[in-house]
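Colleague: Could you take me through the place where the ligand sits, and what surrounds it there? I would enjoy a close look at that one part.

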Amino acid sequence: MLPAQQAEDLILSLVKPLDAQQDSEMVNLLAASGRILAEAVTSQLDFPHWDNSAMDGYAVRFADVKTCSAESPAELQVIEEIPAGYMPQKTVQAGQAARILTGSMMPTGADTVVIQEVTKREGDRLSIFSAPQPQEFVRHRAAFYKAGTPLMPTGLTLSAPEIAVLAAAQCTQVKVYRRPRVAILSTGSELVEPDQPLQPGQIVDSNQYALAALVAQSGAEPILLGIVPDQPEELKGAIAHAISTADLVLSSGGVSVGDYDYVDRILADLGAQIHIRAVAVRPGKPLTVATFQRNENSAPDVFPILYFGLPGNPVSALVSFWRFVQPALRKLSGHPNGWQPLFVEGRSLHPLKSDGKRESYIWGQLHLVNGTYEFHLAGGSHSSGNLINLAQTNALAVVPVGQKLISVGEPIQIMQVAPLR
Ligand code: AMP
Ligand code: MG
């Protein structure tokens, strides 16, 4: 039974990221939110695109206004109005100025903008009562970005700020990693779909739904393969199909030591290399992690197919996903770092109990109160057979091996699994 941290390290060492060349696609910027750049982006546009004004005021020649003051204002002639979007037609000569608005292009001849608050205008006569700094309020072409230099690196996840920058740079098509394909199957002869009538003894396959949601939230593409009964031949066929269609396979159920737990044996039959069979965590002890080479002739740098046999218990399946599958999926997807789960230090508002033998993950809600993370234990039973009080979980408090009780207020590690509410 591997300790959790060792299992995480081993799993991450097994994952090879998607290939930036082969496993990428061009997407339109409007569809790029949440995707990961598979290629560094360079723009052919300077930013700003041309010298422009940072304020509403007048474009002038600094030499004309450098000594002016309230007592001896500079007197200039306004030769042109330059609203945003208009290309100046005239050159500002000595003794002249142009009316300019924020974002408007600077006219040739002018090098400085005087804000309108220190001026007085009558017709085309302009008085300026305060001397500006040289080049004041001019945003120079390429001051923020020079065409041809790196704009964004490979591996960057695109969200609103990056998409704004790419739009401004007129990069409307971007090369991103394709979404990893994740096959999901549920094993168990007792399982039925949520829309089927329940016969006595049957159990609804909630794992398929939970895992599909988690996979989609991770930016990957879930491939739902449904329920497979505990029959070795059928299960073998289903797993063989799963590994032929996906980059990563998630099955739930059938990995403990019961009479109908066939998954590990079938994986071995199919030629998998099994790396992990159990992890010292609670819930979620039975966890099978295996790899399949793509085919016998795969080049060594072609990433293997990863197989996670998760415990069937719905709580255990979720905890195993958050703790072990999610980091693997992040690395596979092309994130250059930040694969590990997010642990924060906080305090529990309730006593937390464990058997002291395995690292325990206890579900509840995490709040940030006056700068301190507070953990609220989910109400109701914490039996791994209970799934009902999982709703609203956004964090798992960790009770380390060797500790049976964490008292109220004691510092603890808390794994955040969803945004704070
Ligand atoms: P197993 O790991 O196959 O021994 O399953 C452990 C427990 O989880 C059993 O009570 C199963 O009925 C239940 N279970 C297994 N698979 C699922 C599933 N897909 N959805 C909900 N419960 C499940
Ligand atoms: Mg089962």
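Modeller: Happy to! In this predicted model, ligand 1 sits in the second largest pocket. That pocket has a volume of about 430 Å³. Its lining is made up of 23 residues, and T187, E190, G253, G312 and N313 are the ones nearest the centre of the pocket. Strand 13 and strand 15 are the elements that give two or more residues to this lining. Sorted by class, the lining has eight nonpolar, 11 polar and four charged residues.

Now to the ligand itself. There are 16 residues around ligand 1, and E190, I203, D205, G254 and G312 come nearest. Strand 13 (181-187) and strand 15 (203-204) each supply at least two residues of this shell. By class, the shell has four nonpolar, 10 polar and two charged residues.

Some polar contacts are worth a look on your screen. On the nitrogen side, a backbone N or O atom of S206 lies 3.2 Å from a nitrogen atom of ligand 1, and a polar side-chain atom of N207 lies 3.3 Å from a nitrogen atom of the ligand. An oxygen atom of ligand 1, in turn, is 3.1 Å from a polar backbone atom of N313.

Definitions and conventions. Residues numbered from 1 in each chain as written. Chains lettered and ligands numbered in written order. Predicted model: local features only at pLDDT ≥ 70, side-chain atom pairs only at ≥ 80, totals over all residues. Heavy atoms only, no water. Near = heavy atom within 4 Å. Polar contact = N/O pair within 3.5 Å; in protein donor to acceptor, adjacent residues only side chain to side chain. 1 Å grid on protein atoms, 1.4 Å probe; cavity = no way out; pocket = protein on both sides within 12 Å on 5 of 7 lines; lining within 4 Å. Sits in = over half its atoms within 2 Å of the grid points. Helix = DSSP H or I, 4+ residues; strand = E, 2+ residues; numbered from the N terminus. Nonpolar A, V, L, I, M, F, W, Y, C, P; charged D, E, K, R; others polar. Points joined across faces, edges and corners; volume = space filled by probe spheres on them.
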